[in-house]
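Dear colleague,

Please read them with the model open beside you.

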Amino acid sequence: RGIRSAEAINLKELGKVKTEAGKVLGIYVDLYILDQCGNLIDCAALAAMAALCTTQMPRIEGEKLVRQDFTGPLPLQRRVIACSFETIEGKAILDASYQEEVASDGRMTVSVTDDGFVCSGQKSGAAGFTREQLLEFTDIAFEKGGALLAQI
């Protein structure tokens with residue numbers, strides 16, 4: 001959700017890549033979960049962003065993709081990170097374990113971009129969040145997000 005709503009991929013540049021038959025390129029991100037120890041949303045978002053950052057554009061000859069030859073990186077406009085906060089008995093937890101997620105009253109996921117925008121937020125569960133909590137979560141997401149994006 002964060003990657004899509006942030007318009008992380010420059011679709012105008014991507015749309016310029018067409019074959020003679022008028023076909024355009026599509027992008028799919030498939031994630032295969034091998035183990036789940038908690039904080040799956042943030043981990044999946046980080047893995048998807050890392051994959052997009054390292055994606056190479058294939059060369060096109062006529063109507064065919066030349067998959068072994070590349071013309072450069074995928075055109076990205078920005079990078080996105082998601083930070084999820086679980087609440088247990090009124091206390092917020094960042095990077096919750098699986099056991100903490102199970103015990104949680106609710107979750108708030110905030111996605112932010114490397115150029116300073118909040119691009120999405122999603123709440124789940126019964127817990128409510130105050131305005132102050134949401135602002136604190138956003139500040140933490142920018143702080144932690146910068147450190148995580150530096151690893152890509």
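Predicted model: local features only at pLDDT ≥ 70, side-chain atom pairs only at ≥ 80, totals over all residues.

The largest pocket holds about 590 Å³ of space, and among the 26 residues that line it, Arg1, Gly2, Ile3, Arg4 and Ala48 are the closest to its centre. At least two lining residues come from each of helix H1 (2-5), helix H3 (40-53), strand E3 (80-88), strand E5 (106-113) and strand E6 (118-125), and H3 contributes the most, with 5 residues. By type, this lining consists of 15 nonpolar, 7 polar and 4 charged residues.

The second largest pocket has a volume of about 270 Å³, and its lining includes Leu14, Ile27, Met57 and Phe70. Strand E1 (56-61) and strand E2 (64-73) are the elements that give two or more residues to that lining.

Turning to the charged pairs, the structure holds 4 salt bridges. In one of them, arginine 59 meets aspartate 69 with the closest N and O atoms 2.4 Å apart, which links strand E1 to strand E2. In another, the closest N and O atoms of arginine 107 and glutamate 86 are 2.7 Å apart; arginine 107 belongs to strand E5 and glutamate 86 to strand E3, so this pair ties together parts 21 residues apart in sequence. Glutamate 86 is buried, at a relative accessible area of 3%, whereas arginine 107 is partly exposed, at 21%.

With best regards

Technical notes. Residues numbered from 1 in each chain as written. Heavy atoms only, no water. 1 Å grid on protein atoms, 1.4 Å probe; cavity = no way out; pocket = protein on both sides within 12 Å on 5 of 7 lines; lining within 4 Å. Points joined across faces, edges and corners; volume = space filled by probe spheres on them. Helix = DSSP H or I, 4+ residues; strand = E, 2+ residues; numbered from the N terminus. Nonpolar A, V, L, I, M, F, W, Y, C, P; charged D, E, K, R; others polar. Salt bridge = Lys/Arg side-chain N within 4 Å of Asp/Glu carboxyl O. Buried < 20%, exposed > 50% of the residue type's maximum accessible area, 1.4 Å probe, protein only.
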